[in-house]
Amino acid sequence: MKSPIEINSLEWDIIETYLDQNNVSEEALLSDKKLNQISNLSEKIAHVKQVRIEIEDSIRQSKIKEFHEHISADQKGLYIQKGAAKKTKSTTIWYSIAAVLVVLFGIFWLLQNTNSPEKIFAAHFEADPGLRTVMGTTNNYSFYEGMIVYKREEYKEAINWWQKLLPEKANNDTLNYFLGVAYLAEGNAEKSLDYLEPSSKFNEGIFKEDAAYYTALAKIKLGQMEAAKQLLKQHPSERNNKLLKALNK
């Protein structure tokens with residue numbers, strides 16, 4: 001069995017210093033006078049070299065292990081850095097902040113823009129006050145029941161009463177007018193137009209200008225600003241002109 005090499009710290013330092021600084025061949029090391037004072041120099045140089053190799057290999061393995069701890073493979077076998085998750089999370093936070101700022105900017109713009117469709121509609125819409133609820137003929141019972149709840153701003157209930165009358169009175173301007181206004185009061189502008197249009201439906205009645213007014217409001221709510229303007233121009237009245245002026249600001 002080969003006996004272990006005995007090398008003291010001073011000898012180790014001298015050999016290692018020469019290995020680091022001189023980068024010379026082993027033959028040159030063996031010929032150095034200072035090194036030659038060390039016994040069994042050749043074996044000790046070999047021992048120091050081997051230990052240094054083992055240390056460097058150990059460090060390399062440690063770094064490889066650390067590298068693998070920071071990566072993972074995705075489903076396609078492509079390696080991605082685990083650290084990227086933090087970056088993604090950070091990116092998500094910034095996107096969230098940006099989204100919030102966009103929403104806040106939109107709200108600010110909406111508040112500042114006094115001519116927005118939403119503001120014009122809110123400033124000018126007020127449901128028609130309705131007709132006097134005096135019971136007439138038996139045939140009008142459902143209509144006036146609907147008018148009672150309409151005047152209580154129970155628009156859905158009013159619609160239910162009046163819808164029952166449509167099969168027999170599809171062309172009745174009063175019924176169509178209040179159905180349109182009730183739907184608009186409920187926030188359903190698109191449905192309100194089913195009853196408020198065409199404007200020719202009200203040409204011969206008392207609702208001509210008022211129907212045009214609520215039709216224009218429905219179109220404003222739907223963002224159809226130019227169509228609303230044209231309708232108001234075709235049916236001038238004090239209220240319609242005021243709404244048209246608001247649209248032209």
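A search of the whole structure finds 5 salt bridges, a salt bridge being a side-chain nitrogen of Lys or Arg within 4 Å of a carboxyl oxygen of Asp or Glu. The model is predicted, so local features need pLDDT of at least 70 and side-chain atom pairs count only at pLDDT 80 or more, while totals for chains, interfaces and linings use all residues. Residues are numbered from 1 along each chain as its sequence is written, and side-chain values use heavy atoms, with hydrogens and water left out.

Side chains of opposite charge can pair when their charged atoms come close.

| Pair | N to O distance |
|---|---|
| D210 and R239 | 3.0 Å |
| E154 and R152 | 3.3 Å |
| K229 and E226 | 3.4 Å |

Helices here are DSSP runs (H or I, at least four residues), numbered from the N terminus. D210 has a relative accessible area of 26% and is partly exposed; R239 is also partly exposed, at 31%. These classes follow cut-offs: buried is under 20% relative accessible area, exposed is over 50%, and partly exposed lies in between (1.4 Å probe, protein chains only).

K229 and E226 both sit in helix α11 (residues 225-234), 3 residues apart, which means about one helical turn separates them. K229 counts as buried, with 15% relative accessibility. E154, which pairs with R152, is partly exposed at 34% relative accessibility.

Technical notes. Helices (H or I, at least four residues) and strands (E, at least two) are DSSP runs, numbered from the N terminus.
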